[in-house]
Amino acid sequence: QVQLVESGGGSVQAGGSLRLSCAAFGYTYSTLCMGWFRQAPGKERERVATIDSDGTTSYADSVKGRFTISQDNAKNTLYLQMNSLKPEDTAMYYCAASSRTYCSAIYPSRDLSWYSSWGQGTQVTVSS
């Protein structure tokens, strides 16, 4: 089983930046794409960004141009660079791994069931 551990969350002023990391343990070739989700209190978990094994990425409209997803295969680590943060970005952020071939530009990948492994989450709080 692939184990995912997020880090890098914290509190930041609006307009600031954070970089989230997701370390994968027990990573196997069955993991073909990965993504970041977030969940604010009282709201459903939503897809923020995804990246396929070929490097193809996708972003929610709300974060496009501000967030960048990337991965370091040598370190088995997924990243989410978050710039120009807004209060509405406040949420628990989760990384996820999928056994599917594609996560990006695929509507069904918005569903949580697309992903087989989840991290414990890291809190991001953006103050105004």
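**View 1. A disulfide joins Cys-33 to Cys-103 in this predicted model.** The S to S distance is 1.9 Å; a disulfide here is a pair of cysteine sulfur atoms within 2.5 Å. The torsion about the S-S bond is about 60 degrees, so the link of Cys-33 and Cys-103 is right-handed. Cys-33 lies in strand β4 and Cys-103 in the loop between β9 and β10, so the bond ties together parts that are 70 residues apart in sequence. Strands are DSSP runs (E, at least two residues), numbered from the N terminus. Both Cys-33 and Cys-103 are buried, where buried means under 20% relative accessible area, exposed over 50% and partly exposed in between (1.4 Å probe, protein chains only).

Residues are numbered from 1 along each chain as its sequence is written, and side-chain values use heavy atoms, with hydrogens and water left out. Because the model is predicted, local features need pLDDT of at least 70 and side-chain atom pairs count only at pLDDT 80 or more, while totals for chains, interfaces and linings use all residues.

**View 2. A disulfide joins Cys-22 to Cys-95.** The sulfurs sit 2.0 Å apart. With 60 degrees about the S-S bond, this link is right-handed. Cys-22 belongs to strand β3 (residues 18–25) and Cys-95 to strand β9, so the pair ties together parts 73 residues apart in sequence. Cys-22 counts as buried at 1% relative accessibility. Cys-95 is buried at 0%. A search of the whole structure finds 2 disulfides. With the bonded cysteines of the chain numbered in sequence order, the pairing is 1-3, 2-4.

**View 3. Phe-37, Tyr-115 and Trp-118 form one aromatic cluster.** Rings of Phe, Tyr and Trp (its six-membered ring) pair if their centres lie within 6.5 Å; planes under 30 degrees apart are stacked, over 60 edge-to-face, the rest tilted. The structure holds 3 aromatic pairs. Phe-37 and Tyr-115 have ring centres 5.0 Å apart and planes at 80 degrees, so the pair is edge-to-face. Phe-37 lies in strand β4 (residues 33–39) and Tyr-115 in the loop between β9 (91–98) and β10 (117–118), so the contact ties together parts 78 residues apart in sequence. Tyr-115 and Trp-118 are also edge-to-face: 5.8 Å centre to centre, 65 degrees between the planes. Tyr-115 counts as buried at 5% relative accessibility. Trp-118 counts as partly exposed at 26%.

**View 4. Arg-45 lies over the faces of Tyr-94 and Trp-118.** The distance to the ring centre is 3.7 Å for Tyr-94 and 5.0 Å for Trp-118. A charge sits over a ring if NZ of Lys or CZ of Arg is within 6 Å of the ring centre and within 35 degrees of the ring normal.

Technical notes. Helices (H or I, at least four residues) and strands (E, at least two) are DSSP runs, numbered from the N terminus.
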